[in-house]
Amino acid sequence: MSFILQRRSPLEELVESRARRSDPLPYSEAIETGCRTEAAVWLCDVSDLVQRGLKGPAAADWLRERQLPVPADVYRCEPIDAGGRVIRVDRDEFLIESHDAIGEFAADWGSLDGRQEGVTRIERHDATFLLTGIRAANVLAKTCGVDFHDPRLDHWVLTRVAGVSVGILPWASQGTTFFQCSVDPTYARYLWEELREIVDEVLRRG
Amino acid sequence: MKILTCPVNGPRPLQEFHYGGEWREMPDPDSASDEAWADYVFNRRGSPDVKREWWYHIASGIWFVAERNNVTDEILRTYLLDDAD
Amino acid sequence: METSRLAPHDDEWIDRSAPLDFKFEGAAYRGCQGDVVASALWAAGVRVVGRSFKYHRPRGIYSLAGADVNAMFEDGRRTNLRGDVAPLVAGMNLRSVNTAGGLQRDAYRWFERASALMPVGFYYKAFHTPRSLFPFYERQMRKIAGLGRINPQLPAEKTAKDYAHHDLLVVGGGLSGMSAALAAAECGARVMLADEQPRLGGSAAWQARNVPDVSGWRETLIEQVTNHPRIEVRCSTQVAGCYADHWYALTDADRLTKLRTRGLIVASGCYEQPAVFHNNDLPGVLLGSAAQRLAHLYAVKPFSTCVVLAGNDDAYQVAIDLKRVGVHVAAVVDLRPKHRPTPAEAACDNAGIERRPGAAIWEAVAASGTGTVQGVRVAPVQNVGAVGRRDTTYIPCDGVAVSVGWMPVAGPLYQAGGRFTYSDQLEQLVPKSLPATIYAAGRVNGVFEFADRMADGKRAGVAAAVELGFCETDVPASPSRAATPHSHPYPVYAHPKKKNFVDFDEDLQLHDFVNAHQEGYDNIELLKRYSTFGMGPSQGKLANMNAIRILARLNQATINETGATTSRPFHHPVPLRHLAGRRFHPHRCTPMHAWHQRAGARFVHAGAWRRPEYYPVEGQTREESILAEATRVRRDVGLIDLGTLGKMFVEGPDAATFLDRIYTDRFSKLKEGSMRYGLACDEAGLVADDGIVARFGQNRFYITASTGGAASLFREMKRWAILWRSNVNLIDATGNWTAMNLAGPHARQILADLVDIDISSEALPMGGVREAKVAGVMAKIMRVGFVGEVSYELHLPASYGLSLWETLMDRGAEHQIGPFGVEAQRLLRLEKGHPIVSIDTDALTNPYEANLGWAVAKNKEFFIGQRSLKILKQQPPTRRLAGFEIPGHYNGPLPEECHLIIRDQQIAGRVTSVAHRSTLGKTIGLAFLLPELAQPGVEIAIRIDGGQLVPATVAELPFYDPDHARQI
C-alpha cells in the first residue's frame with residue numbers, strides 16, 4: 001500500500017479558476033498580505049488552517065498537560081505561544097487551530113482513539129475565510145444580523161451568514177482587524193460564491 | 001423580527017433559532033390510559049397564558065427554554081434546562 | 001412646448017444646468033435634474049397624467065407626496081412608478097398604467113357612463129349568473145384589472161439588502177425630526193435619521209417659504225445633523241414597516257435595510273387631506289401643499305388663475321405663496337363661517353386676495369375636450385356638509401388649491417404599538433398612548449408652530465436618550481399642541497351628479513359610502529373591506545380620514561367611537577425585488593462535488609444538498625444512463641457519493657441505553673465491530689427516519705441518518721439527551737466527515753489493496769464494521785448496503801474524501817468501475833425491496849405498514865413511539881407496502897409514482913416507487929395497497945394519467961436475489 005490520501009480544500013477548484021484577489025494562501029502569509037492590503041475589502045481562503053477538536057470533561061486537563069492555554073469562558077480564545085490559538089466552543093469542548101508551528105500535541109491528539117476516559121477528539125474540517133479591510137464589516141452587514149462594526153476581539157460568535165451557520169472570530173494583528181469565518185465544509189462553496197459577489201458589490205458601491 | 005436571548009449566545013434575531021414546540025410532560029407510558037397518551041401526543045395548548053417553549057439556537061446547537069406570554073408576545077425569561085433547578 | 005418654470009430661487013431642488021430628456025406617452029419632454037416625473041410633466045404643461053382605476057376618468061397630479069396613484073407609470077422595467085415622487089431620469093420612456101390604447105384614446109373611457117351599473121361592491125353581486133358565462137367574465141376582468149404590465153422577459157437582478165444597528169431611529173427629517181436627532185445624538189446616542197424626500201427640511205422646505213426665520217432654522221439644523229458624527233442621515237428612504245423589538249424596514253431605490261435600534265422617534269408630519277365635492281378629481285385640482293411643493297421645490301408655476309378652498313389658516317399661506325409666484329388667486333373660498341379675521345386672513349386681505357368665508361365649492365367644471373378644470377361654482381355653506389344651491393357663483397380658473405385639513409402620518413406609530421385619539425380642539429388624531437422607548441414629535445404629535453416643532457423634537461430626543469440610559473438630564477417640557485384646528489371637521493359635500501370622490505385609488509364616491517352603510521356595513525373595518533376604501537396603492541393616505549368622518553356622521557357617532565382601520569406594514573409600497581434581496585439559496589455540496597461536475601453529472605436537490613442524480617452518457621436517454629449505472633454495479637463495480645448521509649457520533653457511558661430509547665430496535669446488545677439497521681419513530685409511532693447504527697466500542701457508536709432527516713434527528717436527540725439527563729456526547733459529523741459506497745462483484749478486490757486489514761467475507765462479513773487506515777487515513781469501513789451486491793461503505797474525514805474517490809476510480813479502472821447516482825441507487829434498492837423513508841413512506845406511515853415491524857423490538861423498556869405502537873398494533877392495518885410488477889405482455893403507457901390503484905372504482909392504493917426499466921428486464925414498483933390486496937399473485941389495476949387502467953401483479957419481495965447470496 002503505497003498511496004497516501006491528500007487533504008484537499010473544498011474550494012480548490014473555485015479558487016484556482018476564479019480568484020486573483022482571493023488566492024489560497026498559507027495562513028501566515030495571508031495575515032501579512034491582509035495587513036498590507038489597501039483594498040477596502042479583502043477576502044481570502046485559508047482553509048489550509050488545521051483544526052483539531054477536543055471534547056469531554058477531561059478536555060481542559062488534556063490541554064493543560066500539554067502547556068496549551070485553556071480559555072476561561074465559552075467563546076473566548078487564547079493564543080498558543082508556538083502559533084495558533086485555542087477557542088473554547090462549549091463548556092467542555094475546545095478547538096485548537098494551528099498553522100505554521102505544529103506543536104507536540106498534534107501526535108497526542110492523533111492518538112486519541114475514543115478509549116481514553118473523559119476526552120474524545122473531534123475531526124474538524126471547516127472551511128476558513130479571512131475578511132479584512134475598512135469595509136469588511138459592510139460585507140457581514142449584508143449577510144448577517146449581528147453587528148460587527150465595533151467587534152469584540154478574540155471572542156467567537158456563532159451566527160448565521162447568508163443563511164448558513166458560521167463561526168466568526170474577530171481578531172487584530174498589527175492594528176488590522178480580521179474576521180475569521182469558519183463554515184461547515186459542505187457549505188463552503190456556496191458561502192464562498194456569495195461572499196465573493198458581495199465583496200465585489202461592496203467594492204463597487206460601498 | 002423579535003429578539004430572543006439565548007442563555008449562551010446572548011440576544012439574537014429570531015431567524016437564528018428553531019422553534020421546538022411547547023414544553024410537555026410525558027405521562028408514564030406504562031400506566032397512562034390510551035386517552036391520556038393520545039392527549040399527550042396530539043394535543044397542544046394555545047390558551048392565553050405564559051407558555052414554556054423549547055427553542056434551539058441553530059448555529060451552536062443549544063436547546064433552551066423560553067417563558068413567553070402569548071398574549072403580549074413578551075418573553076419573560078430564557079434558561080438552560082440544566083440551570084433551571 | 002410651453003413651460004411654466006419660475007425664475008430661479010435659492011431653495012429650489014432642481015439643477016437647471018442639467019436638463020433631462022424623457023418621453024411620456026410617446027411624446028418627448030425635457031425636465032431638470034432634481035425634478036420628479038410629475039413636476040417635469042406639469043412644467044411642460046401636461047395636465048392629464050393618468051386614468052382613474054374604475055371609471056377611467058382623466059386625472060392629474062394631486063398630492064405630490066407619494067399618494068398620487070393616478071400619476072402611476074411604467075417604463076418597461078418597473079410597473080408602478082409613482083410619478084409624484086419618482087426622480088426624473090434621462091431617457092425615461094413612460095406610459096400611464098391604467099389605459100387600453102394610450103392615455104388620450106383609452107378604450108375604457110366609456111366606463112364612466114356605465115357607472116350606474118357598477119355600484120359599490122358590485123363585483124360581489126354580479127357575474128354569478130348565468131354560470132356558463134363566468135369564463136367570459138373572468139377573461140374580461142383579467143384584461144381590465146391590474147395596474148401596469150409585467151414583462152416576464154426581464155433578466156433577474158440581485159437587489160442589495162443589509163442590516164444596520166443604531167440606538168435610535170428618527171423618522172422624518174423636518175424641523176422636529178432633525179431637532180430630535182440632534183438632541184439624542186448630543187447625549188451620546190447613535191441615531192439613524194430617515195426621510196423619504198431627497199433632501200432634509202420636511203415641510204419647512206415648502207410650507208414656510210415666506211415665514212420669517214424658518215429657513216434659517218432649517219438650514220442650521222441641516223448643517224448640524226449632516227455633520228454630526230453620531231447621526232447617519234438617509235434621504236430618499238422610506239420607513240416601510242415597524243416590527244417587534246425595534247426592527248424596521250428601510251427602503252430606498254437600491255436596497256432594503258433591516259434596521260435594529262432600541263428606540264424610535266416618529267416626526268413624520270402630516271398628509272394633507274382632500275375636500276369632497278363634485279368633480280374634485282379634475283386635473284387641476286391640487287392640494288395646497290402640492291401647489292406649494294411645485295412652486296418652491298421644483299420652481300413650477302402651478303396655475304395661471306386659481307381658487308383656493310380653505311378649511312384652515314394654512315390655506316391663506318398657500319394663497320399668498322401662489323400670488324407671490326405670479327398666480328392670479330381669484331378667491332379664497334373658506335368653508336368656515338364668517339369670523340373675526342385671523343392674522344393669516346388679515347395678511348391675505350393685505351395682499352389684495354378676495355376672501356369668501358362661509359362658502360364651499362359646489363362643483364368644479366371640466367373643460368370639454370381636455371377634461372381639465374376650467375372653473376368652479378361656489379355656493380354658501382348652509383350647514384355642515386350642505387351647501388345652498390341658489391346663490392352659486394361661477395369663477396373661471398385653471399386650478400383649485402385645496403387646503404382643508406391634515407392627517408398625521410401615523411403608520412409607523414400605529415405599527416410600533418401607539419394608539420391615537422381624536423382631539424376636538426385640533427379636529428385631528430393625536431397620539432394618546434405610546435409604548436416605552438417610542439416617541440412622537442412635531443405635527444404628527446399635534447404641534448404645528450414652527451418654533452414649537454423644534455422644541456417638541458428636542459424634548460423627544462432628550463427623553464429618548466435619557467430612557468435609553470445615555471444621560472440623566474431633565475427632559476424639557478412639551479410645547480403645547482396647536483390652539484386652533486388645522487383641519488375642517490367635515491369638508492364633504494353631496495351633489496346630485498355624485499362625482500365627488502372620497503378615494504381616488506378606487507374611484508369611491510360619497511354615495512358609495514351611503515349605500516354601503518345602508519346595506520349594513522356600519523363598522524369601519526367592514527366598510528373598508530366591502531367598499532375597498534383605503535385598499536388601493538396609496539393605502540388610504542388621502543381617503544381614510546374622510547371615510548372615518550363620513551361613517552361617523554352616518555352612524556351619528558364621534559370619530560373616537562367610529563375608530564380607525566388597522567395600519568399594517570408596509571406603510572409604503574415596497575418592490576418585491578427589495579424583499580427578495582439577493583435571494584440566498586444555501587446548499588451543501590459534498591467534498592466530491594468538483595469531481596461530479598467534471599464528470600458531467602446532472603445534479604438534483606436533496607434536502608439542503610445538491611447530489612448527482614445520474615451521469616448522462618451521450619446518445620443515451622436519462623433512463624438508459626441510469627440503467628447502465630445500475631447494471632455496472634450488478635456486473636462489475638460502482639461508486640456512489642454518500643456524503644449527504646447524516647453522520648453522528650454517540651459516545652459516553654449512556655450511549656447504548658440512549659440509542660435503545662431513540663431507535664425501535666435494541667442496540668445495547670449490539671456486538672462491537674458490527675452494525676444494524678436503525679429505525680426511528682416519532683411519539684405517534686410513525687416512521688421518522690432510518691439509517692444504520694454501528695458500534696465501535698463499549699461506549700462508542702456511529703450512526704447514519706437519511707439525507708433529509710439528519711438535521712432534525714440530531715436536534716431531537718440533543719433534546720432527548722437533555723430531558724433524559726443522559727451522559728452522552730452527541731457530535732454531528734455530517735459535514736466534517738464524508739462517505740461513499742463501493743459496490744459490486746469487484747469491490748473487495750479494489751479496496752483490499754488500499755487497506756491494512758483483512759476485508760475478506762470471513763474477517764469482515766456483511767454487517768461488520770472496522771476502523772482502519774484507508775490509504776493512510778483513519779476511516780470507518782462498514783459492510784452495509786442496500787443495493788444488493790458486495791459493498792463497502794467508507795466513512796472518513798471530509799478533507800480526504802475527494803482524494804479517496806479519485807484513488808478508487810483510478811484503482812477501479814481495470815475493473816470497469818464507474819460512478820452511480822441517486823437514481824441508480826433507488827433502482828437497485830427497489831430491486832431489493834427496501835423502502836426509502838419519505839419516498840415509500842409518508843408522514844402517516846407506521847412501521848408495520850412499511851413491512852418494518854421486524855425492526856421494532858418486542859420487550860424493550862422504552863423507546864420513542866413505543867406506547868403509540870402498542871395501540872397501533874391492536875388496530876387492523878389499513879394498508880401495506882407491497883411490490884408489484886407489470887406483466888411482460890403489456891406494452892402500453894406505464895404508471896408513475898403517485899398513480900392510484902383502483903378496485904371497483906374505488907381507491908385501493910397508491911404507487912410510491914416505480915422503475916420502468918430495471919436490471920431484471922421488467923417494470924417493477926412499490927405501492928401501498930389495501931391489506932387484502934397485498935398478497936403475491938393478486939391482480940391489481942393502476943390508473944394512469946388520462947384514466948387508463950394498467951394491469952399489474954403483486955409480487956414477492958425482494959425482486960432480486962431473495963437469499964442475499966450476492967452480498968456475501
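This is a predicted model: local features need pLDDT of at least 70, side-chain atom pairs count only at pLDDT 80 or more; totals for chains, interfaces and linings use all residues.
On the side of chain A that touches chain C, the elements that give two or more residues are helix H1 (12-18), strand S6 (120-124) and helix H6 (188-205) of chain A, where helices (H or I, at least four residues) and strands (E, at least two) are DSSP runs numbered from the N terminus. H6(A) gives the most to this side, with 7 residues. By residue class, this side of chain A divides into 14 nonpolar, 10 polar and 19 charged residues; here Ala, Val, Leu, Ile, Met, Phe, Trp, Tyr, Cys and Pro count as nonpolar, Asp, Glu, Lys and Arg as charged, and the others, Gly among them, as polar. In total, 43 residues of chain A are in contact with 46 residues of chain C, contact meaning heavy atoms within 4.5 Å. The area buried between chain A and chain C is about 3900 Å², of which carbon and sulfur atoms give 53%; buried area is the accessible area (1.4 Å probe) that two parts lose on being put together, summed over both. Between these chains there are 6 salt bridges, each a side-chain nitrogen of Lys or Arg within 4 Å of a carboxyl oxygen of Asp or Glu. Arg582(C) forms a salt bridge with Glu201(A), with the closest N and O atoms 2.5 Å apart.

Chain C also meets chain B, in a contact that takes 22 residues from chain C and 26 residues from chain B. The area buried between chain C and chain B is about 2200 Å², with 54% given by carbon and sulfur atoms. This interface has 3 salt bridges, and in a salt bridge the side chains of Arg867(C) and Asp34(B) meet at 3.0 Å, N to O. The count of residue pairs in polar contact between chain C and chain B, both at pLDDT 80 or more, is 13. Helix H19 (710-723) and helix H23 (866-874) of chain C are the elements that give two or more residues to the side touching chain B, and H19(C) gives the most, with 8 residues.

Within chain C, strand S19 (residues 328-334) is mostly covered, 6 of its 7 residues being buried, that is, under 20% relative accessible area, against over 50% for exposed and in between for partly exposed (1.4 Å probe, protein chains only). Strand S18 (residues 305-310) of chain C runs parallel to S19(C) and is joined to it by 6 bridges.

Some local backbone features remain. A cis peptide bond, with omega about 0°, joins Pro569(C) and Phe570(C). Gln67(A), although not a glycine, has a positive phi of about 55°, and this residue is exposed, with a relative accessible area of 69%.

Key: Residues are numbered from 1 along each chain as its sequence is written. Chains are lettered from A and ligands numbered from 1 in the order in which they are written. Side-chain values use heavy atoms; hydrogens and water are left out. A polar contact is a pair of N or O atoms within 3.5 Å; within protein, one must be able to donate a hydrogen and the other to accept it, and residues adjacent in sequence count only if both atoms are side-chain atoms. Two strands pair if DSSP finds at least two bridges between them.
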